[in-house]
Amino acid sequence: MNLDFYGDDSKGIIKLDPRTKLFLFLTSSIVSLNLYGIWGMVVFSGLLCLLLGLCGKRAFAVGAFAVFAAVVFLRTCVEMQGTGAGGFVLVTQALCTLFLFVFPITISLLMLVQTTRISQFLYAFQAMHLPAAFTIPLAVLFRFIPTVQDEWAGIRKAMSFRGIELTFGAVIRNPGTAIEYLLVPLLFSSVSVMEELAAAAEARGLDADCRRSSYEEVHLSAADYIVMALFGTITIYVVASVAMGVA
């Protein structure tokens with residue numbers, strides 16, 4: 001799974017505002033906490049995957065929903081076995097339930113991250129009138145994570161040139177060596193990168209009180225209002241059903 005923090009929605013059929021994607025993440029979290037019916041979860045997760053595909057991540061959306069359907073099928077088969085299979089049934093059912101619980105939250109988070117550019121995030125936060133004390137650390141964070149990914153890859157290559165293996169198995173077998181050869185240089189590099197990014201953010205005037213212009217055209221469109229109305233209605237229905245003891 002590619003967690004790319006430099007998202008892009010250029011191939012999307014619809015282009016949603018970052019505020020709409022934040023709203024989807026919030027509603028997905030609420031629905032996951034309150035929706036217990038399997039078919040309701042299938043419909044809600046299917047809508048999220050459809051929306052992710054419309055935003056330009058079609059292959060990923062199809063693959064994610066295929067995995068979701070496979071887990072639903074596995075959970076149904078396990079439930080049909082009853083309690084005769086003992087602990088295996090309980091463990092498998094618990095793992096499937098956990099997957100179904102976190103799936104909507106994960107899909108909505110990936111939609112937010114993988115289809116939104118950093119400049120769109122910043123302009124949307126400015127449109128929400130958030131203070132600079134919030135936007136500056138967030139801007140530094142968004143640029144810090146991809147930079148650390150590059151540093152991580154560089155450190156692993158440097159260690160491989162010296163004959164030091166840093167695979168998952170090697171880290172498990174020798175955690176002390178992994179800390180010495182991987183985490184220590186990564187921490188020192190991260191401190192330097194964070195200081196440079198913070199200085200660059202201040203040099204570009206992100207802490208200025210005036211309203212900044214942007215190359216990005218970020219605004220709420222008809223598609224945003226339709227999506228927020230649909231998922232807002234679903235969330236209200238699910239919460240009301242739980243309150244009345246229906247769901």
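The model described here is predicted. Its largest nonpolar core holds 26 residues, and within this core L16, L24, L51, F68 and F231 touch the most other members. At least two residues of this core come from each of α1 (18-34), α2 (38-54), α3 (58-80), α4 (87-114) and α9 (222-243). The largest share, 7 residues, is supplied by α2.

With neighbours within four places in sequence left aside, L16 is in contact with K21, L24, L51, C55, A223, D224 and V227.

**Overall composition**

The chain contains 9 helices and 0 strands. Of its 247 residues, 36% are buried. Among contacts in the chain with a separation of 6 or more, 79% are between residues 24 or more positions apart.

**Helix packing**

Two packed helices are described by the angle between their axes and the distance between the axes. The table gives these values for two pairs.

| Helix pair | Axes come within | Crossing angle |
|---|---|---|
| α3 and α4 | 9 Å | roughly 155 degrees |
| α2 and α9 | 12 Å | roughly 165 degrees |

In the pair α3 and α4, the axes cross at roughly 155 degrees. Because this angle is over 145 degrees, α3 counts as roughly antiparallel to α4. The crossing of α3 past α4 is left-handed. On the α3 side, the contact is made by F60, A64, F65, V67, F68, V71, V72, L74, R75, V78 and E79. On the α4 side, V89, T92, Q93, C96, T97, F99, L100, F103, I107 and L110 take part. By class, the residues of this contact divide into 16 nonpolar, 3 polar and 2 charged.

For the pair α2 and α9, the axes cross at roughly 165 degrees. The cut-off of 145 degrees is again exceeded, and therefore α2 is roughly antiparallel to α9. α2 and α9 also make a left-handed crossing. Here F44, L47, L48 and L51 of α2 meet V227, F231 and I234 of α9. The contact of α2 with α9 has 7 nonpolar residues, with no polar and no charged residues. Two of the residues in this contact, L51 and F231, are also among those that touch the most other members of the largest core.

**Two individual residues**

Is I107 buried or exposed? I107 is placed in helix α4, and its relative accessibility is 2%, so I107 counts as buried. Apart from neighbours within four places in sequence, I107 is in contact with L48, C49, L52, F60 and A64. Of these, F60 and A64 belong to the α3 side of the contact with α4. The C-alpha atoms of I107 and L24 are separated by 9.8 Å, although the two residues are 83 residues apart along the chain.

K15 lies in the segment before α1. Its relative accessibility is 46%, so K15 counts as partly exposed. Not counting residues up to four places away in sequence, K15 touches D9, S10, S221 and D224. D224 is also a contact of L16. Between K15 and G56, which are 41 residues apart along the chain, the C-alpha separation is 8.8 Å.

Conventions:
Residues are numbered from 1 along each chain as its sequence is written. This is a predicted model: local features need pLDDT of at least 70, side-chain atom pairs count only at pLDDT 80 or more; totals for chains, interfaces and linings use all residues. Side-chain values use heavy atoms; hydrogens and water are left out. A nonpolar core is a set of buried Ala, Val, Leu, Ile, Met, Phe, Trp, Tyr and Cys residues joined through side-chain atoms within 4.5 Å. Buried means under 20% relative accessible area, exposed over 50%, partly exposed in between (1.4 Å probe, protein chains only). Helices (H or I, at least four residues) and strands (E, at least two) are DSSP runs, numbered from the N terminus. Contact means heavy atoms within 4.5 Å. Axes are lines fitted to C-alpha atoms, for helices over the stretch in contact, and angles run from 0 to 180 degrees between N-to-C directions. Angles under 35 degrees count as roughly parallel, over 145 as roughly antiparallel, 65 to 115 as roughly perpendicular and the rest as oblique. A crossing is left-handed if the near helix is turned anticlockwise from the far one by less than a right angle, and right-handed if clockwise. Ala, Val, Leu, Ile, Met, Phe, Trp, Tyr, Cys and Pro count as nonpolar, Asp, Glu, Lys and Arg as charged, and the others, Gly among them, as polar.
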